[in-house]
Structure formats: C-alpha cells, structure tokens
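Please examine the structure shown here.

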Amino acid sequence: MPETAATADTRTPSGRLALAASTEKIALGPLDGRYQPAVAPLVDYLSEAALNRDRVAVEVEWLIHLTSNNVLPGAGPLTAEQQQQLRAVVTEFDAASVTELAEIEAVTVHDVKAVEYYIGRRLPAIGIENLTAMVHFGCTSEDINNLSYALGVKGAVEDVWLPAARALVAQISTMAEDNRAVPMLSRTHGQPATPTTLGKELAVIAHRLNRQLDRIARTEYLGKINGATGTYAAHVASVPGADWQQVSKSFVEGLGLTWNPLTTQIESHDWQAELYADVARFNRILHNVCTDIWSYISIGYFAQIPVAGATGSSTMPHKVNPIRFENAEANLEISSGLLDVLGSTLVTSRWQRDLTDSSSQRNIGVAFGHSLLAISNVAKGLERLDVAEDVLAGDLDTNWEVLGEAIQMVMRAEAIAGVEGMENPYERLKDLTRGNRVDAARMQEFVQGLGLSADAEARLLALTPGKYTGIADQLVDHLK
C-alpha cells in the first residue's frame, strides 16, 4: 500500500506508526499505564494537577491570612461568605481548572504566576477585585511551592502510603501470630542452623518494618514564607510596622506544617531528605522480605495458591511463579534509587537558589508510586501463600545434627556442676556432626554414651529438631 501524506505525518523517523498521534492518551511510563489502578490514590497528592491545586490553596489561604490579621492597612477582614467563596476556588478545582491554568501558563511561561492570575480572575465575582494586588503579596514562587509540596507529600504519606504500609505490616504480623509455634529450620550462611519458628521469623520482619513506619509517622514537614532571599525585605519595605516573622510563623503552622525560620530563597528540603531516607530504608527491608519469601517458596516452605485462569509460564503449564514478589523487588529498587537521588540532590542549592530542586521534586510521585505498587504486590503475594508444615517438619527431621549446639551446651553446664567426663564438648560434637548427617538414632546413642546426669540425659533424649526452638513462639508477643 503506498504511503500517503496523512500516514507519513504519523510515522516515526524509523518508519513505525507514531502512537503519540493516537486520539487516545497513551502513557509513557508504567505507573500511568499498566499499573495506574494501584497508584491512583497518589494522583490526588503528588501529580502536577494536585501541585497546582495546592498552590491555589496556599495563595488563597495567604490572602485570607493577611486580611484576617489586618496586616496591610486598608485590607481588613473578609466576610465569612467571601472567605467561603475564596476557599471554593480550591474545593471546586477540577479538570477544567487544570486546562485553564495550562492556557494561562502557556502565556506566562511561569507556573506559579499562572496560579496568581487564575485566582485574580475569580476575585471580581466575589466582590473583592480591589484585593487583586494582595494575591501573591510579598511572595517569591518558592514561598508557594515549598508549602504546596509539603502539603502534597504530607497528604500522600499520611493518607495513602502509610495506611497501605501499615496494612501490609499488620498482615505480616497476623501471619506471625498464626505461625508462632510452627517450627522451622534456620539457615545461617545458607546452611542448616538452630531451628526457629516461622512465626518468630515473620515477627522479626514486622518489627523491623514497624520501626521505620514509626519514624516516618514522626516526620516534620517544614515550610517557609519569607520572600526572595529569606529576609522579608519586600515585606518590611512595603509594610514596616507588621511583625512579619509572626505573620509567617502563624501562617505556616496554620497549614499544619512546621515553620522554618532560617532559609535562603528556598526551604532547605532537609526534611524531605530525612523522610525519603526512611522510606527508602523501609523499601530495602521489604526487598529483603521479598527475597526471603521467594527463597522459602523455592524450597517448598510456602505453597502458592494458583489464581484461576492465570498462566505461570508460557511453555511450562505446571509452574506457579512468585511474580508478585519479583515485581515488588524491581519496584522497590526503582523507588529506593529515586528516593536516594532526591535525598542527595534536594539538600544542595547553589548560593541562595538554583532550579535543580524544581525538576527533581516533580519525581516525588514516581518514587512513592513504585513503593506503593510494591507494597500492593507483596500484600497480594502473601494472600496466595499456604504454609507447607509437612515440608518444614521433613526438613527438620533430616537435620538432627543441629542439636549439636544444645548437647555441647548441656555438657558445659554439666561440667560446671561437677559432672565428670564432660571435657572438650565442642570438639566432640564437632567430630560427630561437622559435615555429617546424623539421624535420630545416632544422636540419641551419642547422648546416652556421654555420662550425663539423669536429668540432663532425659532432657536431651526428649529433644528433637522440631522442639529445639527455645522461646521463639513467646518472642512474637513483642509485636503487641
């Protein structure tokens, strides 16, 4: 078929049809495409549209704050109805608002200035057109941006990410409680070691993750509003009689943020670096969870419940692949990498201001999106697991040599108590067990030939690998 001008216009330089020319919106990244349902809640906090809505909110609240406190002579308090109408500019922010803002920005070529003009257009209908000059009064763009990002990140963490993460940890904690007494062979350096319980190992995971979540929940979200270089110069020049530090402090704290009294043009972003380091650490612990669960699945400790109609392998019909955990691993690595970059770059700014933070912060939603997606996948993966207690029991029964630790420690205690013939306990057990498989009969024969006191011998003869778990089941109670 000959190529027409129409088709030529919609082809890439390599001759392929240009999908970008499609009338349907096609996502470039997976978070806005394949995985969009899993991360959709973050759109309300960390998307470009959400950022603009929060900018509008900060500008509106700044106008209300200045008028309510009679900061500027001639601009007294607004009526309750006027305040309500102003706040409706925020609550009614919708798709049409996004489009209008984009049209204004196409002219201003400045995103925050577009927000100022957007609000100014609405003041005549409220009857306060005379206050147009008060919109963005004394502000530099970063005054609005730092507060808007702080509000967006705070909302995303507290309303979306933390609840999802806490639900996952609660799920792991429930698994720990349910399996608190299920004995399991440990593996240190990949080799059979002192048994534990499955519940205790899951409790370790939950405890580690909970510590990070508690740190994240205590995050301070800082903000500032103090002008072009953090000196309140324009504020004092225009209204010298106002207590501008108090005006700034009360405004920032009124937004639910922590006031930063000392900044350059930008809020220093140190709080962001601290938060992102904590979230990245949570990610990495969860990544360790994924690799451990994956490994337990591979040796049969967990059986995966097949999903009806799902395909495990395109060629091997018997397979049920641990894809949820593998998907989570990849997304946790991407998220942690982005969070590391954000944390390391946002704390640096040339002199009083450069724009590297502006570009960097637009990726905050991507970083949290990959983490949220991973959390969702791990939760779904855990839901499809059955504990194979018979496999765990069989593994323990073929590794009686792990009781060597218990026997040599009992021999040490016996020696201290004055029982003769207890010399060199470690070496004697090493000769028996190192590199050797020892069954129940051989181990009990060895115990009976040691010359232990009757009580000690009875305790060791009653011991099995499955019973050699110490107080592992009690340790799960620390999750409470």
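Q: How do you know which residues and atoms the values rest on?
A: Residues are numbered from 1 along each chain as its sequence is written, and side-chain values use heavy atoms, with hydrogens and water left out. The model is predicted, so local features need pLDDT of at least 70 and side-chain atom pairs count only at pLDDT 80 or more, while totals for chains, interfaces and linings use all residues.

Q: What makes a space a cavity or a pocket?
A: On a 1 Å grid over the protein atoms alone, a cavity is a set of points where a 1.4 Å probe fits but cannot get out, whereas a pocket is an open set with protein on both sides within 12 Å along at least five of seven lines; lining residues have an atom within 4 Å of a point. Grid points are joined across faces, edges and corners, and a volume is the space filled by probe spheres set on the points. By this rule there are 2 cavities of 30 Å³ or more, and the largest pocket holds about 570 Å³.

Q: What classes of residue line the second largest cavity?
A: Ala, Val, Leu, Ile, Met, Phe, Trp, Tyr, Cys and Pro count as nonpolar, Asp, Glu, Lys and Arg as charged, and the others, Gly among them, as polar. The lining consists of Ile172, Met175, Leu202, Ile205, Val289, Ile293 and Leu382, which gives 7 nonpolar, no polar and no charged residues. This cavity has a volume of about 40 Å³.

Q: What classes of residue line the largest cavity?
A: Its lining has 8 nonpolar, 1 polar and no charged residues. The volume of the largest cavity is about 50 Å³.

Q: Why is Cys290 called buried?
A: Buried means under 20% relative accessible area, exposed over 50%, and partly exposed in between (1.4 Å probe, protein chains only). Cys290 has a relative accessible area of 0%, so Cys290 is buried. Cys139, at 14%, therefore also counts as buried.

Q: How many disulfides are there?
A: A disulfide is a pair of cysteine sulfur atoms within 2.5 Å. By this rule the count is 0 disulfides.
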